[in-house]
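Please look over the sequence and the structure below, and then read on through the headed sections.

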Amino acid sequence: MNTENPDCKHEAGLFKPVVNRNRCEGKADCVTACPYQVFTIGTLTPQERQGLSLIGRIKGYAHQWQQAFAINADACHACGLCVTACPEKAITLSRA
C-alpha cells in the first residue's frame with residue numbers, strides 16, 4: 001500500500017493508465033483527479049487519428065482532437081481516481 005495517498009493501492013510503476021482514443025473527449029477530468037500528475041491534455045497527431053473508428057473520428061473532430069495523454073505513466077499508483085473521474089469511461093489501468 002502506498003503511504004503517501006491512502007487511495008493508492010500500489011507503488012508507482014506497477015500499473016499504467018491506458019486511454020481509449022475512441023472514447024476520450026479531452027475534458028481533463030483525469031488531469032485534475034490524478035494526485036501524481038500522470039496526465040496532460042494534448043492534440044492527436046494526424047497519424048494517431050488514422051487508427052480511430054468512425055465514432056472516434058467524429059468525437060475527435062468535435063473536440064478539436066484534444067485528448068488525455070499519460071505522459072508520466074511511470075508515476076501511476078493505480079488509485080483509480082482517473083478511472084472514476086472520466087465521464088467517457090475512456091481510462092483503464094493495465095499491468096505495466
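## The nonpolar core

The largest nonpolar core holds 14 residues, and those that touch the most other members are Val19, Cys30, Val38, Phe39, Ala68 and Ile91. A nonpolar core is here a set of buried Ala, Val, Leu, Ile, Met, Phe, Trp, Tyr and Cys residues joined through side-chain atoms within 4.5 Å, where buried means under 20% relative accessible area, exposed means over 50%, and partly exposed covers what lies in between, with a 1.4 Å probe and protein chains only. In soluble globular proteins, nonpolar side chains tend to be buried together.

Ile91, when its neighbours within four places in sequence are set aside, is in contact with Pro17, Val18, Val19, Cys30, Phe39, Cys82, Val83 and Cys86, contact being defined as heavy atoms within 4.5 Å.

## How the model is read

This is a predicted model, in which local features need pLDDT of at least 70 and side-chain atom pairs count only at pLDDT 80 or more, while totals for chains, interfaces and linings use all residues. Residues are numbered from 1 along each chain as its sequence is written, and side-chain values use heavy atoms, with hydrogens and water left out.

## Cysteines and aromatic rings

How many disulfides are there, if a disulfide is a pair of cysteine sulfur atoms within 2.5 Å? The count comes to zero. For Cys30, the closest cysteine sulfur is that of Cys24, and at 6.4 Å this is too far for a bond. Cys30 is buried, with a relative accessible area of 6%, and Cys79 also counts as buried, at 15% relative accessibility.

The charged end of Arg21 sits over the ring of Phe69, 4.3 Å from the ring centre; for such a placement, NZ of Lys or CZ of Arg must be within 6 Å of the ring centre and within 35 degrees of the ring normal.

## A network of salt bridges

Three salt bridges are counted, each being a side-chain nitrogen of Lys or Arg within 4 Å of a carboxyl oxygen of Asp or Glu. In one of them the side chains of Glu25 and Lys27 meet, with an N to O distance of 3.1 Å; Glu25 is buried at a relative accessible area of 15%, whereas Lys27 is partly exposed at 45%.

Glu25 also meets Lys59 in a salt bridge, at 3.3 Å from N to O. Because Glu25 lies in the loop between strand S1 (15-19) and helix H1 (29-33) and Lys59 lies in helix H3, this pair ties together parts that are 34 residues apart in sequence. Helices (H or I, at least four residues) and strands (E, at least two) are DSSP runs, numbered from the N terminus.

Lys27 forms a salt bridge with Glu88 as well, the closest N and O atoms being 2.9 Å apart. Lys27 lies in the loop between S1 and H1 and Glu88 in the loop between H4 and S4, so this pair ties together parts that are 61 residues apart in sequence. Through shared partners, the salt bridges join Glu25, Lys27, Lys59 and Glu88 into one network.

Glu88 is buried, with a relative accessible area of 11%, and apart from its neighbours within four places in sequence it is in contact with Arg23, Glu25, Lys27 and Lys59.

Ile55 lies in helix H3, which covers residues 54-62, and is exposed, with a relative accessible area of 53%. The C-alpha atoms of Ile55 and Asn22 are separated by 6.9 Å, although these residues are 33 residues apart along the chain.

Key
A disulfide is a pair of cysteine sulfur atoms within 2.5 Å.
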